[in-house]
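Hi,

Here is the structure I promised to send over.

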Amino acid sequence: MTEAIMVVGGLGTRLRPLTETTPKALIPCAGVPFVTHLLARARAAGVDHLVLATSYQAELFSREFGDGGKLGLELSYVTEESPLGTGGALRNVTDRLRSGPDDPVLVFNGDILSGHDIGAQLATHRATGAEVTLHLTEVADARAYGCVPTDPSGRVTAFLEKLPEPVTNQINAGCYVFGRRVLDEIPAGQVVSVERETFPGLLARGARVQAYLDSAYWLDVGTPAAFVRGSADLVLGRAPSPAVPPVDGEALVLPGAQVAADAKLGGGACLGTRVRVGAGAQVDGSVLLDGAVVEEGAVIRASIVGAGARIGRGSVLDEAVVGTGAVIGAGNELRSGVRVWTGAVLADRAIRFSSDV
Ligand code: GDD
Ligand code: MG
């Protein structure tokens with residue numbers, strides 16, 4: 001048996017624009033709720049029991065995934081009364097694990113899209129006899145992540161969360177193998193950060209903490225822009241997931257969507273059920289939720305259009321988030337991270353971003 005825990009609480013403030021503009025449901029990413037991709041990848045790596053450690057809207061997960069049977073997994077759910085932090089969330093679910101003290105337990109951050117070889121990470125853990133093995137990846141700017149320097153043997157020498165001036169580009173990629181015993185050692189019933197307390201504490205007592213470094217596809221989808229990019233990468237097959245529904249060309253069009261013959265879809269766009277795209281419209285690398293309407297000639301790029309929202313004739317959306325049921329009149333131009341609230345109505349030709357020169 002291989003067990004895993006996924007931490008899916010502490011809803012990141014950076015994703016708040018999405019949850020404020022869409023209804024209380026798990027927002028689909030490449031046609032299925034984001035976490036489905038992680039669960040399917042865990043299953044493919046041999047995980048047969050997974051505990052979802054949640055602190056926020058836990059019922060959304062249980063309603064969607066039930067006992068996990070559909071995914072070939074057994075799922076357990078544990079909800080914190082108040083968020084316990086990444087470490088506290090793990091300790092809070094240890095009584096649900098069946099693994100013995102020396103067994104490895106996989107841990108996943110719930111907002112990471114990764115193509116890394118989970119089996120190889122487990123094998124590294126076993127081969128090195130480490131107490132914890134961290135998946136690491138390299139990024140251009142490490143400031144938003146945990147910086148993890150290693151020695152030439154791949155042994156972790158420090159864990160430095162969110163440094164203003166990073167000491168390395170090697171970062172914590174948010175997937176760990178823990179020896180079960182280490183999880184039991186986390187103090188119970190209190191807020192604990194695995195990044196700021198558990199990992200530095202292990203290193204301070206000389207524990208072997210091992211790196212599994214690779215250069216596979218990796219993305220933290222914790223912002224609306226990254227969420228859209230992740231969805232597109234899944235549709236295009238750049239991010240591997242067994243849970244992506246069948247894709248036709250460069251777009252994923254779910255059953256029931258209607259697309260005009262001369263509309264252009266591409267860049268990994270994803271169209272939910274009952275979406276309508278009018279003549280001459282273009283949809284590039286965006287997520288259109290169920291029932292969204294894109295009228296004639298509108299151009300949508302790298303944006304999220306909420307369920308039932310309407311984008312008027314000839315409007316242009318670029319890196320925008322449009323809330324559920326909002327109406328964007330004709331001839332508007334919305335760019336650069338703009339958020340339109342749920343149900344808001346924008347008149348025809350109300351907003352433009354064009355330069356005046
Ligand atoms: N159950 C539970 N309870 N889950 C939590 C809690 C909590 O109190 N706090 C955070 N989580 C979950 C989040 O839902 C997410 O899936 C994961 O833990 C990481 O939390 P984030 O808030 O997304 O952290 P981050 O992105 O700033 O940083 C983390 O991920 C980076 C990689 O993307 C850290 O682990 C960094 O070290 C890492 O580099
Ligand atoms: Mg995150």
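Predicted model: local features only at pLDDT ≥ 70, side-chain atom pairs only at ≥ 80, totals over all residues.

Let's start with helix 3, which spans residues 58-65 and has Ala58, Leu60, Phe61 and Phe65 as its buried residues. Looking down the helix axis, those residues fall within an arc of 160 degrees, so they line one face of the helix. What covers them includes strand 3 (32-33), helix 2 (34-44), strand 4 (47-54) and strand 5 (74-79).

Next, the metal. Which residues coordinate the magnesium ion (ligand 2)? Asp111 and Asp220 do, through OD atoms at 2.0 to 2.6 Å. Asp111 sits in the loop between strand 6 (104-109) and strand 7 (112-114), and Asp220 belongs to strand 13, so the pair ties together parts that are 109 residues apart in sequence. Asp111 is partly exposed at 28% relative accessible area, while Asp220 is buried at 14%.

Then the charged pairs: the count comes to 14 salt bridges. One of them joins Arg238 and Asp233 at 3.2 Å, N to O; Arg238 is exposed at 54%, but Asp233 is buried at 8%.

Another salt bridge pairs Arg335 with Asp318, with the closest N and O atoms 3.3 Å apart. Arg335 is in strand 28 and Asp318 in strand 25, so this pair ties together parts that are 17 residues apart in sequence. Through shared partners, salt bridges join Arg301, Asp318, Glu319, Glu333 and Arg335 into one network.

Cheers

Technical notes: Residues numbered from 1 in each chain as written. Chains lettered and ligands numbered in written order. Heavy atoms only, no water. Buried < 20%, exposed > 50% of the residue type's maximum accessible area, 1.4 Å probe, protein only. Helix = DSSP H or I, 4+ residues; strand = E, 2+ residues; numbered from the N terminus. Arc of directions from axis to C-beta. Contact = heavy atoms within 4.5 Å. Donors = N, O, S within 2.8 Å, 3.2 Å for Na, K, Ca; no water. Salt bridge = Lys/Arg side-chain N within 4 Å of Asp/Glu carboxyl O.
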